Amino acid sequence: MSRTALRICPLCEATCGLTLTVEDDRVTGARGDRDDVFSRGFICPKGASFGAADSDPDRLRTPMVRRGGELREATWDEAFDAVAAGLRPVVERYGPHAVGVVLGNPNVHTVAGALYPTVLLAGLRTRSLFTASTLDQMPKHVSSGLLYGDANAVPVPDLDRTDHLLLIGANPLESNGSLCTAPDFPGKLKALRARGGTLTVIDPRRTRTARLADRHVAARPGTDALLLAAMTHVLFEEDLVDLGHLAPYVQGVDDVAAAVRDFTPEAAAGACDVGADTIRTLARELAAAPTAAVYGRIGSCTVPHGTLASWLVDVLNVLTGNLDRPGGALFPLSATDRTPRPAGPGRGFALGRWNSRVSRHPEAKGELPISALAEEIDTATDDGSPIRAVIAVAANPVLSAPDGDRLDKALGSLDFMVVVDPYLNETSRHAHVLLPPPPPSRAPHFDFAFNTLAVRNQVRYTRAAVPLEPDRMAETEILARLVLAATGMHGADPEAVDAMVVDQTLGKAVTEAHSPVHGRDPRELAGLLTGDNGPERRLDMMLRLGPYGDGFGARTDGLSLERLLAHPHGIDLGPLRSRLPQPLKTASGKVELLPRPIADDLPRLKRALGERADGLVLVGRRHLRSNNSWLHNVPALTGGSNRCTLHIHPSDAERLGLVDGARVRVKGAGGAVVAPVEFTEGIRPGVVSLPHGWGHDRPGTRMSHASLDPGVNVNQLLDGSLLDPLSGNAVLNGVPVELAPLDTPS
Ligand SMILES: Nc1nc2c(c(=O)[nH]1)N[C@H]1C(S)=C(S)[C@@H](COP(=O)(O)OP(=O)(O)OC[C@H]3O[C@@H](n4cnc5c(=O)[nH]c(N)nc54)[C@H](O)[C@@H]3O)O[C@H]1N2
Ligand SMILES: Nc1nc2c(c(=O)[nH]1)N[C@H]1C(S)=C(S)[C@@H](COP(=O)(O)OP(=O)(O)OC[C@H]3O[C@@H](n4cnc5c(=O)[nH]c(N)nc54)[C@H](O)[C@@H]3O)O[C@H]1N2
Ligand code: SF4
Ligand SMILES: [Mo]
């Protein structure tokens with residue numbers, strides 16, 4: 001019997017609605033849901049392969065526990081007994097910081113990842129938290145924290161209405177967008193051009209996105225902060241600054257003017273390898289556009305000046321009056337955001353409240369740099385214990401983070417490691433206990449994270465498309481049980497975790513004057529919650545307390561889980577709207593345009609004006625049918641152009657005596673890898689590119705298709721020492737490398 005079921009796609013940030021074909025509890029097809037209020041039928045090749053990814057035979061079905069040195073199948077009870085027995089002694093003997101928590105990217109794509117890690121961290125009280133954010137967008141969080149007082153207040157380019165988009169270090173035609181949730185990003189860029197708007201792309205590679213642009217600037221990698229500082233300089237020099245409606249909400253404009261005085265286009269041109277006249281044109285076009293948005297992503301974050309570049313993106317939006325206005329860059333308002341409090345000064349954002357033990361890296365947003373994970377495990381100091389146990393959820397840092405070989409060894413030396421992951425892969429092979437979540441068709445979906453980054457306010461929820469088999473456990477329950485086992489409550493009812501969160505949240509809400517439930521009885525409110533299980537009741541609570549919620553009866557047509565379930569294709573909540581000053585939580589209650597830590601980092605940027613890379617530098621790239629390190633096991637998503645090759649400009653190749661298709665040795669500070677070269681005019685001379693997430697050739701893994709064409713781990717070229725100092729973000733782009741031919745040309 002064949003039927004259809006709706007499921008929001010978890011495979012990238014675009015969050016498209018899918019219509020799945022289900023036969024005998026197996027997903028046999030996926031197409032775009034034409035009635036989805038947000039994605040309106042859009043789908044990409046990855047989403048179309050949802051069924052293949054979902055039913056991959058290498059997905060683990062049973063927990064595994066290490067016995068006699070080997071991972072063997074076990075029951076869920078045995079597995080959680082082993083977790084409690086493995087973790088508690090470490091906490092009791094070495095203290096909470098000896099337990100490292102590692103959270104990977106898919107946590108932002110699962111309900112479990114949204115609802116339980118915060119509870120786990122609060123219960124454990126460890127400072128040893130490492131996530132994919134420090135391989136990704138931590139510079140943006142730090143910049144937002146400093147500018148707006150809220151690290152999660154990330155302005156999103158208003159793709160549907162802007163007249164001018166300046167896109168920096170992003171390739172949405174392959175990635176489908178990031179920190180800008182927009183189903184059919186490619187279509188939105190085409191629509192921008194069709195309505196007479198302009199698209200400018202800054203990228204050292206001539207990507208598919210760059211080819212769509214009116215102007216492509218192939219700047220030298222790692223120099224965006226210089227380029228943007230020079231554009232800012234031009235705005236002041238040519239009197240193009242116009243804050244418009246923002247004027248009452250911004251402080252520090254004159255300080256910024258002084259801070260960028262030395263960053264003339266002429267001074268920046270050499271380092272960026274972009275003509276001073278081009279830099280001036282970019283600034284003038286930005287200022288002249290009726291509305292405009294500057295948007296920076298991975299290429300502007302994972303570089304030595306990532307936080308400064310992220311800050312300058314917003315500075316340009318502010319100085320041209322484009323922040324917080326339609327057509328510019330706005331703050332979304334998600335259905336599960338907390339009830340907006342009245343505008344006014346807040347507590348601000350603190351950086352470096354503690355430091356990592358070995359290299360003394362400052363924390364950012366409660367996290368330590370994942371580049372420092374290996375040394376925090378393998379290096380002793382007289383300042384506390386090294387990490388002796390790790391809890392890893394949906395993370396594969398052996399491939400995703402710098403120097404995988406060192407991390408691989410470090411993970412192998414742990415007293416205990418528990419991993420929640422569907423695969424036995426490069427990281428999870430070190431687990432003492434491996435807990436496999438069910439495939440996505442058997443899990444519900446709600447975009448807690450991406451709705452806060454979406455180009456349109458909307459809300460959608462899909463329940464599991466296929467029922468869970470009796471021997472499987474929902475990932476929400478796995479994480480709830482993990483919380484209990486890690487915090488000394490092993491064996492308690494996992495629903496108690498949800499009940500505790502509900503009690504705490506409602507208990508606080510009733511005390512807040514601005515809350516719709518102010519003064520009510522939290523137990524009465526808890527009794528009103530609907531939903532089939534703990535996680536659904538928590539979702540109901542968040543929706544009802546949220547900005548569109550029914551306030552538990554206070555607003556008759558407001559949102560609740562019941563109301564959302566009655567709209568299986570979602571509810572549209574309208575275009576993004578101006579929200580300032582409400583989102584600001586800085587001590588001044590204003591946008592603080594030149595925060596102290598930024599000002600203190602500017603001399604480093606000034607020194608970079610004189611720097612020129614004399615050798616080759618490496619950048620990454622993404623392929624449309626990839627997803628970081630874990631989709632290489634799906635045959636439908638590999639092959640063709642999705643290969644781990646070194647892209648190089650023919651002029652560089654000729655100079656180095658390289659032959660197209662031959663193997664080359666690539667050497668960096670952290671090691672060397674061998675990959676085939678692929679000539680392309682689509683990359684600027686002086687730059688080579690390798691994709692990440694490859695290197696599936698380690699023993700003891702079970703990724704049978706991926707290991708057929710394993711590729712190499714680009715992050716082995718890094719030694720983990722190159723970081724953006726303010727955010728602790730790894731430098732993954734613009735990394736110096738040397739090449740040597742391996743095969744003699746025949
Ligand atoms: N050189 C270089 N390195 C990079 C990048 C780059 O651009 N260049 N990009 C970086 C970025 S942006 C990121 S986000 C990181 C990503 O790095 P990671 O956070 O390590 O994420 P993935 O590589 O996607 O691995 C995700 C893991 O989650 C598992 N998984 C998949 N689905 C689920 C699920 O539903 N539940 C659970 N529990 N597990 C699941 C997968 O099997 C896999 O083991 O990589 C970073 N590394
Ligand atoms: N198909 C696919 N989609 C994905 C993912 C995937 O692995 N595959 N991963 C997802 C994740 S976790 C993320 S975070 C997003 C990332 O989404 P994007 O930010 O769009 O990531 P990329 O496609 O890697 O594009 C980054 C671009 O930056 C360029 N670049 C490199 N260095 C520099 C530099 O110094 N300056 C400038 N201006 N540009 C530079 C690169 O050439 C590349 O074209 O994608 C998500 N979507
Ligand atoms: S664009 Fe992203 S969310 Fe949409 S179908 Fe493709 S992978 Fe899924
Ligand atoms: Mo990412």
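I'll start with a charge over a ring: the charged end of arginine 538 sits over tyrosine 116, 5.0 Å from the centre of the ring. The rule for that is NZ of Lys or CZ of Arg within 6 Å of the ring centre and within 35 degrees of the ring normal. Arginine 544 is placed over the face of phenylalanine 552, with 4.5 Å to the ring centre.

Some housekeeping. This is a predicted model, where local features need pLDDT of at least 70 and side-chain atom pairs count only at pLDDT 80 or more, while totals for chains, interfaces and linings use all residues. Residues are numbered from 1 along each chain as its sequence is written, chains are lettered from A and ligands numbered from 1 in the order in which they are written, and side-chain values use heavy atoms, with hydrogens and water left out.

Now ligand 1. Which residues come nearest to ligand 1? They are Asn105, Asp421, Glu475, Ser629 and Asn715, out of 28 residues around the ligand; a residue is counted there if one of its heavy atoms lies within 4 Å. For polar contacts I mean pairs of N or O atoms within 3.5 Å; within protein, one must be able to donate a hydrogen and the other to accept it, and residues adjacent in sequence count only if both atoms are side-chain atoms. In the side chain of aspartate 421, an N or O atom is 2.6 Å from an oxygen atom of ligand 1. Next along, valine 420 has a backbone N or O atom 3.1 Å from a nitrogen atom of the ligand. Alanine 394 has a polar backbone atom 3.4 Å from an oxygen atom of ligand 1. On its own, ligand 1 has 910 Å² of accessible area, and the protein covers 95% of it; areas are by the Shrake-Rupley method with a 1.4 Å probe, and for residues only the protein chains shown count as cover. The shell is made up of 14 nonpolar, ten polar and four charged residues.

On to ligand 2. There are 30 residues around ligand 2, and Ser175, Asp203, Gly222, Asp224 and His623 come nearest. Asparagine 171 has a backbone N or O atom 2.9 Å from an oxygen atom of the ligand. Serine 626 brings a polar side-chain atom to 2.8 Å from a nitrogen atom of ligand 2, and leucine 624 has a backbone N or O atom 3.1 Å from a nitrogen atom. How much of ligand 2 does the protein bury? The answer is 97% of the 920 Å² that ligand 2 exposes when taken alone. Two elements give two or more residues to this shell, α7 (172–175) and α14 (298–301). Helices are DSSP runs of H or I, at least four residues, and strands are runs of E, at least two, numbered from the N terminus. By class, the shell of ligand 2 has nine nonpolar, 13 polar and eight charged residues.

Last, the aromatic pairs. Rings of Phe, Tyr and Trp (its six-membered ring) pair if their centres lie within 6.5 Å; planes under 30 degrees apart are stacked, over 60 edge-to-face, and the rest tilted. The count is five aromatic pairs. Tryptophan 76 and phenylalanine 80 are stacked, 6.3 Å centre to centre with 20° between the planes. They are about one helical turn apart because they are four residues apart in helix α3 (residues 76–94). Tryptophan 76 counts as buried at 12% relative accessibility, as does phenylalanine 80 at 4%; buried is under 20% relative accessible area, exposed over 50%, partly exposed in between (1.4 Å probe, protein chains only).

Notes:
Ala, Val, Leu, Ile, Met, Phe, Trp, Tyr, Cys and Pro count as nonpolar, Asp, Glu, Lys and Arg as charged, and the others, Gly among them, as polar.
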